[in-house]
Number of protein chains: 2
Amino acid sequence: MAYRLTVLGCHSATPRLNAQTTAQHLNIREHAFLIDCGEGTQTELKRHKLRSQRINHIFISHLHGDHFFGLMGLISSYHLLDRGKELHLHAPEGIRDILNTTFRHSNTWLSFPLHIHPLRFDASEIVLEDEKVSVRSFPLKHSVPACGFVFRERPHPRKLQVEAVRAHNIPVYAYARLKEGSDWEREDGSLVSNGELTLPGPVARAYAFCSDTAFDESIAPWVEGVDWLYHEATFLESEAHLAKKTRHSTAAQAARLAAMAGAKNLLMGHYSARYKELEAFRQEGMKYFDKVHLAEDGMRIDVY
Amino acid sequence: MAYRLTVLGCHSATPRLNAQTTAQHLNIREHAFLIDCGEGTQTELKRHKLRSQRINHIFISHLHGDHFFGLMGLISSYHLLDRGKELHLHAPEGIRDILNTTFRHSNTWLSFPLHIHPLRFDASEIVLEDEKVSVRSFPLKHSVPACGFVFRERPHPRKLQVEAVRAHNIPVYAYARLKEGSDWEREDGSLVSNGELTLPGPVARAYAFCSDTAFDESIAPWVEGVDWLYHEATFLESEAHLAKKTRHSTAAQAARLAAMAGAKNLLMGHYSARYKELEAFRQEGMKYFDKVHLAEDGMRIDVY
């Protein structure tokens with residue numbers, strides 16, 4: 001079952017030729033999520049053959065232009081293409097004002113229901129939960145209100161051990177409860193423990209997105225143990241004074257956060273345009289954490 | 001002296017791979033103008049090696065997204081790149097509300113003076129005039145208030161015929177007035193006609209931009225005799241019912257307007273995405289007008 005991240009853009013501040021601003025597409029089982037939406041995101045979705053109409057939830061971390069200037073165009077295109085099904089937007093409350101103002105002046109009345117779910121910045125909360133996935137927001141520490149998101153797959157059902165189940169003559173109607181972890185009660189009231197009847201299902205996978213933010217230890221518990229952690233690394237330590245001033249992180253800080261959180265992999269991105277060569281980000285990060293990966297526009301990661 | 005049009009995007013409605021929405025760059029002598037600004041325009045400026053910081057005047061025809069969704073990003077990039085010099089924006093009044101709302105929520109206070117000059121839709125007016133060029137807006141007929149623009153080079157000075165000027169012993173201080181077309185008065189009060197002393201300067205060039213609009217004869221006088229007329233042709237006559245419904249033009253209508261205006265060349269664009277092959281636009285237009293050209297993204301036209 002799919003759990004695939006596609007990096008549509010991983011650069012900061014201004015879009016350039018071959019350097020898109022932040023946007024990511026995350027496919028978890030049947031869900032297609034969009035995380036941030038820099039200018040040009042709808043074109044990047046097409047470039048990477050991701051069907052934009054499949055997206056039902058969009059998560060916007062904060063209202064700096066390099067994270068949402070593609071949203072008006074994407075929503076407008078949904079409208080022009082006669083989208084009917086609802087779209088959920090998890091974003092700072094201000095997005096409502098921006099979209100209403102923009103569409104009012106262009107005399108656009110959307111063809112589909114757009115539900116805006118304002119993020120909160122004073123606490124973490126579950127912003128989406130169903131039988132497949134739970135998505136939690138948590139506050140980041142940036143120059144404007146900003147949230148990170150962690151996408152945790154819900155536990156998979158346990159796998160029946162068919163021979164054991166048959167040996168105990170367990171009827172089919174009881175299988176679903178066994179897969180959920182229940183023991184089996186014989187007619188005489190004695191129990192067969194679930195561990196004899198099932199094996200664990202596949203491990204639930206998790207991805208976390210942290211951009212933009214200064215280094216903040218309080219993020220670590222929210223992203224504990226994730227398979228992949230995207231954490232911004234706008235600067236190198238040599239420019240730590242700029243990171244501090246602009247409330248961004250260095251490569252070293254991103255790696256320290258990954259280590260604190262016990263993440264399995266770190267994906268860095270949101271590089272400042274001042275750096276022509278990115279290998280130094282990996283080198284700096286690997287002083288603190290082994291599994292450092294550098295995001296690139298168009299990169300695909302399958303989480304197992 | 002330069003008079004060059006670069007088509008950054010010439011497609012309608014939604015940006016696609018290799019199909020940018022409307023934006024044009026017009027270089028007239030030392031002026032660099034931007035006309036409309038679809039999503040991704042700042043990247044297209046880079047692609048075509050046009051320095052965005054040279055642009056001092058931006059003209060926005062109307063507030064449909066495919067004509068201005070790149071504006072927030074371009075202005076934001078000017079700010080991030082510490083632009084200091086002023087920028088003039090000639091656009092529908094609503095743009096002020098859209099920009100103010102967007103930048104307020106992103107906590108952005110522009111580093112440079114942005115002067116918004118609201119367009120009027122009830123009459124034509126000169127929106128910019130100096131010794132090089134005059135720019136006039138005129139109402140179009142679309143589903144939201146919209147303006148076209150005509151960029152007329154100011155007349156060049158006449159050229160002195162050096163031998164004739166010397167033969168009449170005309171002093172240097174009088175040359176400027178001769179170039180403006182004045183006759184020369186001898187000491188005895190008799191006149192030497194300007195035609196004996198000068199030759200006409202280069203012809204003043206003109207370009208007109210008409211998008212988006214239904215066919216409207218009242219446009220013709222405003223764009224009379226221009227060297228190049230860009231007129232939208234969203235549909236072919238076979239879809240004339242759609243053109244009427246959406247207040248757009250067909251290729252035939254664009255060509256009829258060019259003929260009525262006595263334009264020297266017609267440039268068509270703003271094609272609907274339904275047409276995979278554009279040659280039919282040229283064929284349809286040439287029934288009414290000889291010099292039909294099809295706009296393409298990245299096309300450059302030098303006006304002589």
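Author: One definition comes first: helices (H or I, at least four residues) and strands (E, at least two) are DSSP runs, numbered from the N terminus. With that numbering, B:Asp212 is found in the loop between strand E14 (206–210) and E15 of chain B. The model is a predicted one.

Reader: What makes the peptide bond from B:Ser211 to B:Asp212 cis?

Author: The criterion is the omega angle, which is near 0° for the bond from B:Ser211 to B:Asp212. In chain A, a cis peptide bond likewise joins A:Ser211 and A:Asp212, with omega about 0°. A:Asp212 is found in the loop between strand E14 (206–210) and strand E15 (228–232) of chain A. As background, most peptide bonds are trans.

Reader: How many helices and strands does chain A have, and how much of chain A counts as buried?

Author: Chain A has nine helices and 18 strands. A residue is buried if 20 or more other C-beta atoms lie within 10 Å of its own; of the 304 residues of chain A, 45% count as buried. The C-alpha atoms of chain A fill a box of roughly 70 × 50 × 35 Å along the principal axes. Of the contacts in chain A with a separation of 6 or more, 64% come from residues 24 or more positions apart.

Reader: Which residues of H3(A) are buried, and why are they said to line one face of the helix?

Author: The buried residues are A:Gly94, A:Ile95, A:Ile98, A:Leu99, A:Thr102, A:Phe103 and A:His105. Seen down the axis of H3(A), they fall within an arc of 165°, and therefore they line one face of the helix. Their cover includes helix H2 (71–80), strand E5 (87–91) and strand E6 (114–118) of chain A, together with helix H3 (94–105) of chain B. H3(A) is followed by A:Asn107, whose phi is positive, near 60°.

Reader: What makes the phi of A:Asp82 worth a remark, and is A:Asp82 buried or exposed?

Author: Most residues other than glycine have a negative phi. A:Asp82 is not a glycine, yet has a positive phi of about 60°. A:Asp82 lies in the loop between H2 and E5 of chain A. The cut-off for an exposed residue is 12 or fewer C-beta neighbours; A:Asp82 has 8 inside 10 Å and therefore counts as exposed.

Reader: Where is B:Asn169 found, and why does B:Asn169 count as buried or exposed?

Author: B:Asn169 is found in the loop between helix H4 (162–167) and helix H5 (175–179) of chain B. B:Asn169 has 9 other C-beta atoms within 10 Å, so this residue is exposed. Its phi is positive, about 50°, although B:Asn169 is not a glycine.

Reader: What relates chain B to chain A?

Author: A rotation of 179° with 0.0 Å of shift along its axis superposes chain B on chain A, with an RMSD of 0.2 Å. The two copies are therefore related as by a two-fold rotation axis. The C-alpha of B:Gly40 is the nearest to the axis in chain B, at 2.9 Å.

Reader: How do you know through which surface the copies meet?

Author: Of the interface residues of chain B, 100% are also interface residues in chain A, so the copies meet through the same surface. The contact takes 31 residues from chain B and 31 residues from chain A. On the side of chain B that touches chain A, helix H1 (41–47), helix H2 (71–80) and H3 each supply at least two residues. The largest share of that side, six residues, comes from H3(B).

Reader: What makes E7 and E17 of chain B edge strands?

Author: Seven strands of chain B form an open sheet with mixed pairing, in the order E7-E8-E9-E14-E15-E16-E17. Strand E7 (125–129) and strand E17 (292–294) each pair on one side only and are the edge strands. The twist averages 20° from one strand to the next. Strand E16 (residues 265–269) of chain B and E17(B) pair in the parallel sense over three bridges.

Terms used: Residues numbered from 1 in each chain as written. Chains lettered and ligands numbered in written order. Predicted model: local features only at pLDDT ≥ 70, side-chain atom pairs only at ≥ 80, totals over all residues. Arc of directions from axis to C-beta. Contact = placed C-beta atoms within 7 Å. Least-squares fit on C-alpha atoms with pLDDT ≥ 70 in both. Pairing = 2+ DSSP bridges. Axes fitted to C-alpha atoms, helices over the stretch in contact; angles between N-to-C directions.
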